[in-house]
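Biologist: Please set out the terms applied to this model, and show how each value meets its definition.

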Amino acid sequence: MFLLAHDRPPPRKPAPPVAVTPSLQRVLDNLSVPAFVKTPTFQIVAWNRAAVAVLGDYAVVPERDRNLLRRVFQPGSEDKVHDVEDVRRTCLASFRVDIARAGQSDEATALIDELMETSPDFRRLWDEGEIRSHGGFQKRLVRPDVGEIVLESSVFHVEGSDGLSMFVFSPANEASARAIAQLVQRSGT
């Protein structure tokens with residue numbers, strides 16, 4: 001509320017996010033739907049087997065490229081992301097909230113500077129200044145061997161972690177649930 005009313009966050013000392021605990025990783029591992037944990041700067045730091053099967057294996061992606069903002073604003077993402085304009089708006093508006101809560105960090109500043117330089121769409125949306133929390137949204141994917149998968153997101157803030165959030169993607173329908181189960185079973189990870 002303070003951010004919306006005064007457009008200036010209270011001063012905070014930035015704190016680096018706490019590492020993913022073994023307990024949090026077990027929570028991820030026990031979910032049968034895709035899930036991952038991200039930092040306030042949208043860096044993916046943990047994921048589960050279903051995320052690997054449905055969204056891709058983050059372990060094979062260079063750490064720098066595990067950033068959701070970089071991914072959604074990279075050239076060519078328009079061809080890969082369903083409703084890319086809405087996804088970009090949602091991510092950036094949520095990013096603003098997350099970095100305000102966590103405190104501006106060198107990492108956040110560097111990411112903003114990089115995207116301001118490399119993405120006209122980022123610059124345009126950044127200038128609009130939209131602020132909103134993650135909320136729920138739908139994600140649509142098409143996998144050649146199982147067809148369309150419709151996922152509904154839920155975002156949970158990890159208590160005591162200084163800014164980590166867990167995204168959980170639940171199937172929106174029975175066909176999507178079956179497709180996820182097939183992909184997880186095939187992946188054997």
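Biologist: What makes alanine 46 in β2 the partner of valine 37?
Modeller: Alanine 46 is the bridge partner of valine 37. This is a predicted model, in which local features need pLDDT of at least 70, side-chain atom pairs count only at pLDDT 80 or more, and totals for chains, interfaces and linings use all residues. Residues are numbered from 1 along each chain as its sequence is written, and side-chain values use heavy atoms, with hydrogens and water left out.

Biologist: Why are β1 and β2 said to pair?
Modeller: Strands (E, at least two residues) and helices (H or I, at least four) are DSSP runs numbered from the N terminus. Two strands pair if DSSP finds at least two bridges between them; β1 (residues 35-38) and β2 (residues 44-47) have three bridges, in the antiparallel sense, and therefore pair. Five residues lie between them in a hairpin, where phenylalanine 42 in the turn has a positive phi of about 70°.

Biologist: What makes a set of residues a nonpolar core?
Modeller: Its members are buried (under 20% relative accessible area, 1.4 Å probe, protein chains only) and are Ala, Val, Leu, Ile, Met, Phe, Trp, Tyr or Cys joined through side-chain atoms within 4.5 Å. The largest has 36 residues, and Phe36, Leu55 and Phe95 are among those touching the most other members. Helix α3 (residues 49-54) gives the most to this core, with five residues. Apart from it lies another core of nine residues, including Val37 and Ala46.

Biologist: Which residues does leucine 55 touch, beyond those up to four places away in sequence?
Modeller: With contact meaning heavy atoms within 4.5 Å, leucine 55 touches Pro34, Phe36, Ala50, Lys139, Leu141, Arg143 and Phe169.

Note on methods: Buried means under 20% relative accessible area, exposed over 50%, partly exposed in between (1.4 Å probe, protein chains only).
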